[in-house]
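Please read the following account alongside the sequence and the three-dimensional view.

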Amino acid sequence: MAPDGSMTPAEPPQIPKAALSDPIQVVKANPKSLPKNGTTKVVATCVTDGDTFSFNGGNTPEYTCRLDVVDAPETKKAKYNKPGQPKSEEATAYLKAMIENKEVDIHIAGKDHNGRNICQVEINGKDVDMDLIKNGMGWLYRQYVVPGSQRFKELYSAEQDAKANKRGLWEDPNPEYPSKFRKRINSN
């Protein structure tokens, strides 16, 4: 029934567009509303290394996100008595400073072999992958980017620029790609 007593439904009140805004901070993401192929805002609650972070999913355990196109240097795994790579601590600290305890936009593209969400991440409109690669905090991880795409070309160009200017991990004349590093230390 309409407010005037008639059976005709009333028009919903018009809210001025200026009164609507994005949330300042999202503390928890509802796990049922997490996107399969959409974008949502979450707070990055814990950065675990240079390419991985977690966010809270409501009444469930934290969700883990792996950046989709950055492969950062491997961190030390004391539990398994495995050393870390050069620049791993710097890459982790860099990502922490950029996103930890801050609201980020994530687009979940799928899951990796470890069950982590593969995510494209932005903070304040800035592409996190691009920033990390541009500053030498990781390699372009080609598995989740379409070769020849515009994104691939931009990220590849940023990686080549970081390499030419010896930024971050490129200070080392022969940095070891993380998968090769893992294979080498696991064979010992």
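The paragraphs below treat the overall fold, then the surface, then the pocket.

This is a predicted model, in which local features need pLDDT of at least 70 and side-chain atom pairs count only at pLDDT 80 or more, while totals for chains, interfaces and linings use all residues. Residues are numbered from 1 along each chain as its sequence is written, and side-chain values use heavy atoms, with hydrogens and water left out.

The protein chain contains four helices and eight strands, where helices (H or I, at least four residues) and strands (E, at least two) are DSSP runs numbered from the N terminus. Along the sequence, their order is β-β-β-β-α-β-β-β-α-β-α-α. Of the contacts (heavy atoms within 4.5 Å) with a separation of 6 or more, 61% are between residues 24 or more positions apart.

Of the 188 residues in the protein chain, 39% are buried, that is, under 20% relative accessible area with a 1.4 Å probe, protein chains only. The accessible surface (Shrake-Rupley method, 1.4 Å probe) comes to about 11400 Å², and carbon and sulfur atoms account for 52% of that surface.

Which residues lie nearest the centre of the largest pocket? They are Glu 74, Lys 77, Asn 114, Arg 116 and Arg 182, among 24 lining residues. A pocket is an open set of points on a 1 Å grid over the protein atoms alone, where a 1.4 Å probe fits, with protein on both sides within 12 Å along at least five of seven lines; lining residues have an atom within 4 Å of a point. Helix H4 (178-186) and strand E1 (39-49) each supply at least two lining residues, and H4 gives the most, with four.

Key. Buried means under 20% relative accessible area, exposed over 50%, partly exposed in between (1.4 Å probe, protein chains only).
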